[in-house]
Amino acid sequence: MNYWLMKSEPDEAAITDLARAGTLPWTGVRNYQARNLMRDAMRLGDGVLFYHSSCAEPGVAGLAEVCSAAYPDATQFDPASPYFDPKSKPDAPRWVHVDVRWRETTRLLSLKEMREAPELASMQVLQRGSRLSITPVTAAEWQAVLKRLHAA
DNA sequence: GCCAACGTTGGC
DNA sequence: GCCAACGTTGGC
């Protein structure tokens, strides 16, 4: 069992959208490191911290889980999509993604609170210059986040 | 394979 | 809108 933090812009997909849909394909990843994590390291049932980014209140907004293996991202072949990649060919898809399933909509654990929490200081998403949209989370960090989320 | 130029991310 | 940090591109 592994744990991850996955960033989503709430304008595109907020935790409320995931709660409504049940599951969502994690489309639009166009970074090789993040793709490789989905393709090579994620397993069914892995825990996901659903993080809202590029918004007024960035932070962890809920919990989800990986519910599919990696498969080709259809948006890469769609010229009308902002994620269209003309260099990617259907017989050799460049971009893949997993599906995630909603588990829980939590209170917002803000980026500010995360930065102020000593037990979360090791989280990759908090490191200087970290931009990766998908980052691994240790079991200890996962437990620490859950403890905070479920505290008063 | 180097690396300068350019593009993107994402908090502020 | 700014800008630091990092990724990608493409000429050589």
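A: **The sheet and its surroundings**

In this predicted model, 6 strands form an open sheet with mixed pairing, in the order β2-β7-β4-β3-β1-β8; strands are DSSP runs of E of at least two residues, helices are runs of H or I of at least four, both numbered from the N terminus, and two strands pair if DSSP finds at least two bridges between them. The edge strands, each pairing on one side only, are β2 (23–25) and β8 (134–137). From one strand to the next the twist averages 35°, with axes fitted as lines to C-alpha atoms and angles running from 0 to 180 degrees between N-to-C directions. β1 and β8 pair in the antiparallel sense over 4 bridges, and W4 stands opposite P136 in β8.

Residues are numbered from 1 along each chain as its sequence is written, while chains are lettered from A and ligands numbered from 1 in the order in which they are written. Because this is a predicted model, local features need pLDDT of at least 70 and side-chain atom pairs count only at pLDDT 80 or more, whereas totals for chains, interfaces and linings use all residues, and side-chain values use heavy atoms, with hydrogens and water left out.

The whole structure holds 3 aromatic pairs, where rings of Phe, Tyr and Trp (its six-membered ring) pair if their centres lie within 6.5 Å, and planes under 30 degrees apart count as stacked, over 60 as edge-to-face and the rest as tilted. One of them is stacked, because the rings of Y3 and W142 have centres 4.5 Å apart and planes at 25°. This pair links distant parts of the chain, Y3 in strand β1 (residues 3–8) and W142 in helix α4 (residues 139–150), 139 residues apart. Y3 and W142 are both buried, that is, under 20% relative accessible area, with exposed meaning over 50% and partly exposed in between (1.4 Å probe, protein chains only).

The residues around DNA strand B are K7, Y51, S53, S54, P58, L111 and R131, each having a heavy atom within 4 Å of the strand. Sugar and phosphate account for 78% of the atoms of DNA strand B that come within 4 Å of the protein. A polar side-chain atom of K7 lies 2.8 Å from a phosphate oxygen of DNA strand B, and a backbone N or O atom of S54 lies 2.9 Å from a phosphate oxygen. For R131, a polar side-chain atom lies 2.5 Å from a base oxygen of DNA strand B.

How values were computed. Polar contact = N/O pair within 3.5 Å; in protein donor to acceptor, adjacent residues only side chain to side chain.
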